[in-house]
Amino acid sequence: MAMEPISLRGYEELPLENLRDFPALQACHQAWLAARSDGRLPAVIEVETLPPEVMPYTMLLDYLPGEADVRVRIAGLYVGERSHQAGGGQRLRNFFSEEDARIVFASMRKVAETRQPSLARRSYVALNGTQYTYVRLIMPLSLDGSTVTGFFKTIEPETLHMQSA
């Protein structure tokens, strides 16, 4: 099932066919596909199947639909350094303004509903005033193979641009 575009400020959903333009994200998607079995969503993606260059930018997130939030389970070094805290346990509002947190959650809710990955271009101003732009990939994970319980999220390193406030 194709994802309907989400039209929000600083967010542009891209067709999954565009993964060919983002080799690191395409490799992550291939690892996710390989981890699926009989149409069941994977619970994990093995680290050794991922391109090393995405690891600093990768997050594993727990899905908390009742709270309209996600919780960071594991965050790569780049993410952890910029959050000024240990990654585990943080929520969207530790990284984003209220409006941007709603945008991020809306995209994750769509991934959970469709059980399909999402490729998007993002632009936002972080809580510290730094402007970020990048292309990111979110893929659904499931502890039981069916219900989405979490997400794998990473960016294409070559697309990351920052401008300090």
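Analyst: Strand β3, which covers residues 59-64, is largely enclosed by the rest of the structure, because 5 of its 6 residues are buried; buried here means under 20% relative accessible area, with a 1.4 Å probe and protein chains only. Strands are DSSP runs of E with at least two residues, and helices are runs of H or I with at least four, both numbered from the N terminus. This is a predicted model, in which local features need pLDDT of at least 70, side-chain atom pairs count only at pLDDT 80 or more, and totals for chains, interfaces and linings use all residues. Residues are numbered from 1 along each chain as its sequence is written, and side-chain values use heavy atoms, with hydrogens and water left out.

The partner of β3 is strand β7, residues 150-155, to which it is joined by 4 bridges in an antiparallel arrangement; two strands pair if DSSP finds at least two bridges between them. Within this pairing, L60 has F152 of β7 as its bridge partner.

To place the strand in its setting, the protein contains 3 helices and 8 strands, and their order along the sequence is β-β-α-β-β-α-α-β-β-β-β. Across the 165 residues of the protein, 48% count as buried. Of the contacts (heavy atoms within 4.5 Å) between residues at least 6 apart in sequence, 58% join residues at least 24 apart.

How values were computed:
Buried means under 20% relative accessible area, exposed over 50%, partly exposed in between (1.4 Å probe, protein chains only).
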